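Please consult the sequence and the coordinates alongside the text.

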Amino acid sequence: MEFKGHAHKFGDDINTDYIISGKYKFKTLDMNELAKHVMEDLDQDFYSKITAGDFLVAGRNFGCGSSREQAPLAIKYAGLSAVLAKSFARIFYRNAINTGLPVVECDTDQIEPGDELTVDLAAGVIHNMTRGITIAVKPLPPVMLQILNDGGLAAHFRKYGEFKLDQEENDGL
Amino acid sequence: MGQTIIEKILSNKSGKKVGTGDIVVAAVDFVMGQDGTSPLAINAYRAMEGQKLFDPSRVALVIDHSSPSPLEGVSNLHTLMRDFSRETGCKMYDIGDGVCHQLMLESGNIGPGSLVVGADSHTCTYGALNAFSTGVGSTDLAGALISGKMWFKVPETIKFVCHGTLPSGVYSKDLILFLIGQVTADGATYLSAEYTGEAIGALSIEARFTISNMAIEMGAKAGLMEADEKTFDWVKRYGGSGFTAVSADPDAVYAKVLEYDVSGLEPQLAKPHRVDNVAPLSELAGRPIQEAVIGTCTNGRLEDLRIAAGMLKGRRVSPDVRFIIAPASRDIYVQAMREGVLETLVLAGGAVVTPGCGPCVGTHNGVPSDGETVISTANRNFKGRMGNRNAEIYLASPATVVASAITGQITDPREFVSR
Ligand code: SF4
């Protein structure tokens, strides 16, 4: 999977209320509708600034707060191709993988707002075209990779009917 | 090598001895979803081609976040949940029953050694009952509904040892706010927390719930405590039995051990817009507030309402303050009614709303206006959390909230409380 787009940059501790406010998430399961309000409390016009394929770039602890799966879904349906952050909160991280939103742990200090990036998930590398630099990616834990490769957790369950996670591959995590 | 509480519970539930870093698929004892997360979980259950629940008697859905429904969209999602419960035979808690976490604590289904997953981040609350309980998303929840299992990475543990005695007018909420301020919002990410020491042992079980509830605000996967007589009394009161306490081994290995003496602690507040933006009350006293909220899964219990009523007997809240009370469950509501606690609060100028989440998450029931300041007993004060990004939220103990409601500005409760 290779993605190309521009960076939209935010700071540390972006919580799930900022990603999609509680007042919207209860109303509907229409993710296209929710997507219009993504990051609205931090930047009211954010949705209109997104070009399909762009990246959401942030600092530490991205996705902290509630367990709402509407958060990764709103990001995905807004047309963003991946989230790049220094670290992620654990429930958000699981939800993103389960719903097929790529989440990439890397040093985002090397990315400025508007930078043009290509993200190669298979090779585990980011090219910052604007700055002419390469940024290393922390590899996904094998168990996460397995779920992502199966096409998300729902597809995993359609295939196996349960959590079928290869212990051997996961040893040494 | 010795084990921590979470290592032991995950060993018991996966049928083999596990340690930090292992990936385990473990059997869950109970699965819970609320109205903000269950509709997506039902979608995921269908996408997984789920045929039936692993055990309907171990599954509960709760309508608490937008309860009663303020909008037709919400009503339709609620109906989706009711239909699913009828189809699958799981337990359904409907409007007026209370906040999902309080209902789980009062269900008798959860006790020492249990493993619970809930599609709500504050599921960690049951750690105070010596259970490993944690928040998951809707798709993970659907997997648990079908299989009765969940995968986990066995986390390292950070141990908080709290020595001394909390001073009068200072509560478990002040203590957990202080600890979050110390370790920050991601200080325990990917870790389990254990809270121990004589200051924790001295707390009532209700006061302990407040601490475990906010473990997620430091990023933790769980907020565990040891079981004692108070733990078993609580479980027994709600008809639970057959639980065995799980203690950490003396030679268990911790990522970090942090020790504090709480004897000199003063009331603490989380300032806008972060839970780890914590300051002692003395730095904030005098700031005007327009709305005061007692309730939520953090501090909407009988003990909290009693503290509020004790301070408000014969007093009224400031005419410039809207005072909102949301009992955490129907049981608490009825008890508070019988004891005259609600009467005192209402006569003091309070507005009691339906047992449930109340105004906590900004769906209804007390959305602040632009430029207003709210003081609340909740666990989150993010910008926009209560439905208006142009309002500010301070988090505090019920006593601090009530003292501030009386004067109309952030006020030290020790001016009103004598314990
Ligand atoms: S009371 Fe607030 S924090 Fe607790 S479950 Fe409800 S919305 Fe979440």
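How many of the residues of helix 6 (residues 90-99) of chain A are buried? In this predicted model, helix 6 of chain A is mostly covered, with 10 of its 10 residues buried. Buried denotes under 20% relative accessible area, exposed over 50% and partly exposed in between, with a 1.4 Å probe and protein chains only. Helices are DSSP runs of H or I with at least four residues, strands are runs of E with at least two, and both are numbered from the N terminus. Among the buried residues of helix 6 of chain A are Arg90(A), Phe92(A), Tyr93(A), Arg94(A) and Asn98(A). Gly100(A) follows this helix and has a positive phi, near 80°.

Chain B contains 14 helices and 18 strands. Its radius of gyration is 20 Å, close to the 22 Å given by the globule rule for 419 residues, so chain B is as compact as a globular protein of that length. The radius is taken over C-alpha atoms, and the rule is 2.2 Å times the number of residues to the power 0.38.

| Property of chain B | Value |
|---|---|
| Box filled by C-alpha atoms, along the principal axes | roughly 60 × 55 × 40 Å |
| Buried share of the 419 residues | 65% |
| Share of contacts (heavy atoms within 4.5 Å) with a separation of 6 or more that join residues 24 or more positions apart | 76% |

Residues are numbered from 1 along each chain as its sequence is written, and chains are lettered from A and ligands numbered from 1 in the order in which they are written. Local features need pLDDT of at least 70, side-chain atom pairs count only at pLDDT 80 or more, and totals for chains, interfaces and linings use all residues, while side-chain values use heavy atoms, with hydrogens and water left out.
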